[in-house]
Amino acid sequence: MQRQAQKFCALLKSVSCVSLANPGWDSTVSSVFVTWCQTAPSPGPRRVLRRAAEHHYLRVRLELPDGGARPNAAQFKQLVVTALRELHGEVGAALPVDVLTYEEKTLSAILRVISSGLVKLWSALTLLGFYQNRRCAFRVLQTSPFLLALSGNSRELVLD
Amino acid sequence: MVRFKNRYVLCEVVSEDPRCRQCIEDRALQLAVRDAITRVHGDYGLACCSISFTVKYLNAYTGTVLLRCRKDSYRLLCSALPFVRYLESRAQRYPCFLNTLHVGGTIRTCQKFLIRYNRTQLLRLLQNCTNEEERQCIQKSLLSCSLTEEQSHSADEEEDDGTETD
């Protein structure tokens, strides 16, 4: 309450240069203060983010020839890091990349990467050509700074 | 028509082993730097730095090296230089490292910097010298390098470099 009152006084002074010592104003000011307290947002920092998102999310699918060995989650992560190391060296391999979900059946995964490394990860995935001496390819299906956006894909909608 | 802008990186080769000097040569250095770039920045970094990458000037006696690369990719090159750990020539490896002294836009600014740098190094040697003979020698070379610089700019550099190791 104390802090709010101080804030209110500062606001009043800055807005209309009202002298608070004026006796006639007292009751008016106090009633305004009460209504201000009720309508003002609750104290606490209001957070507005104007910078770019911290992470980017990619939905990828690995294409392998039929009958080959399928990587499990750990091997999949290893494959991604290998691709990064090949194209971007140790600096690329040190990028924070996470495999959020991985489905071994469909070989599709959702990757999370720090925004500054999105281009590096994407290019490394594109240029990867082999998995265990067999041809393979990464298809990047969707990419977004919001994970929720990957929950649906407008390209896979079935329209009646 | 716009000229291609380059960056010149002036380095010195620092090594404990005195035999390392004989293997400071064009090819060995280029290989070592390329190897370091490949390790740190991968194929992409190597391809970026390979455009017009050359060893422009090399002084095996003082261990001074001038590398050239494109302006866009000099950051990749500079960040990879600390990862050069050895020079290899005639199937022998000598551990050493590269110390970056200056990054300039032209060879001329690098040369100016090198002359100034070597002069300050001479002054530092003068402070640290132990006997009178050394002091005389350094003072003589200091005077000589400051005199010749007024006459001609480019000719005195070799001489200036040579005196540093005395």
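# Reading a predicted two-chain model

Mentor: Let us begin with one residue: Cys20(B) is buried, because 21 other C-beta atoms lie within 10 Å. A residue counts as buried if 20 or more other C-beta atoms lie within 10 Å of its own, as exposed if 12 or fewer do, and as partly exposed in between, with C-beta atoms placed from the backbone. This is a predicted model, in which local features need pLDDT of at least 70 and side-chain atom pairs count only at pLDDT 80 or more, while totals for chains, interfaces and linings use all residues. Residues are numbered from 1 along each chain as its sequence is written, and chains are lettered from A and ligands numbered from 1 in the order in which they are written.

Trainee: Where is Cys20(B) found?

Mentor: Cys20(B) belongs to the loop between E1 and helix H1 (26–50) of chain B. Helices (H or I, at least four residues) and strands (E, at least two) are DSSP runs, numbered from the N terminus.

Trainee: Which residues is Cys20(B) in contact with, leaving aside its neighbours within four places in sequence?

Mentor: Two residues are in contact if their C-beta atoms, placed from the backbone, lie within 7 Å. With those neighbours left aside, Cys20(B) is in contact with Ser15(B), Leu87(B), Tyr94(B) and Cys96(B). Cys20(B) and Glu88(B) are 68 residues apart in sequence, and their C-alpha atoms are 9.2 Å apart in space.

Trainee: How should I read the pairing of E4(B) and E5(B)?

Mentor: Strands of a sheet pair through backbone hydrogen bonds, either parallel or antiparallel. Two strands are taken to pair if DSSP finds at least two bridges between them. Here, E4 (residues 86–89) and E5 (residues 92–95) of chain B pair in the antiparallel sense over 4 bridges. Gln92(B) in E5(B) is the bridge partner of Ser89(B). The two strands form a hairpin with 2 residues between them, and Arg90(B) in the turn has a positive phi of about 50°.

Trainee: What is the order of the strands in the open sheet of chain A?

Mentor: The open sheet has 4 strands in the order E2-E3-E1-E6 (chain A), with antiparallel pairing. Its edge strands are E2 and E6 of chain A, each pairing on one side only. Between E2(A) and E3(A), which run antiparallel, there are 6 bridges. Thr101(A) stands opposite Ile110(A) in E3(A).

Trainee: Which residues of helix H4 of chain A are buried?

Mentor: In H4 (residues 118–126) of chain A, the buried residues are Lys120(A), Leu121(A), Ala124(A) and Leu125(A). They lie on the same side of H4(A), because they cover an arc of only 125° around the axis. The arc is that of the directions from the helix axis to the C-beta atoms. The buried residues of H4(A) pack against strand E1 (55–63), helix H3 (73–93), strand E2 (97–103), strand E3 (108–114) and strand E6 (137–144) of chain A.

Trainee: How many residues of domain 1 of chain B are in contact with domain 2 of chain B?

Mentor: Domain bounds come from an automatic or database domain assignment; for chain B, the assignment gives domain 1 (6–105) and domain 2 (110–164). In this case, 10 residues of domain 1 of chain B are in contact with 7 residues of domain 2 of chain B. On the domain 1 side, the largest share, 3 residues, comes from E6(B).

Trainee: How many residues are in contact between chain A and chain B?

Mentor: The contact involves 8 residues of chain A and 8 residues of chain B.
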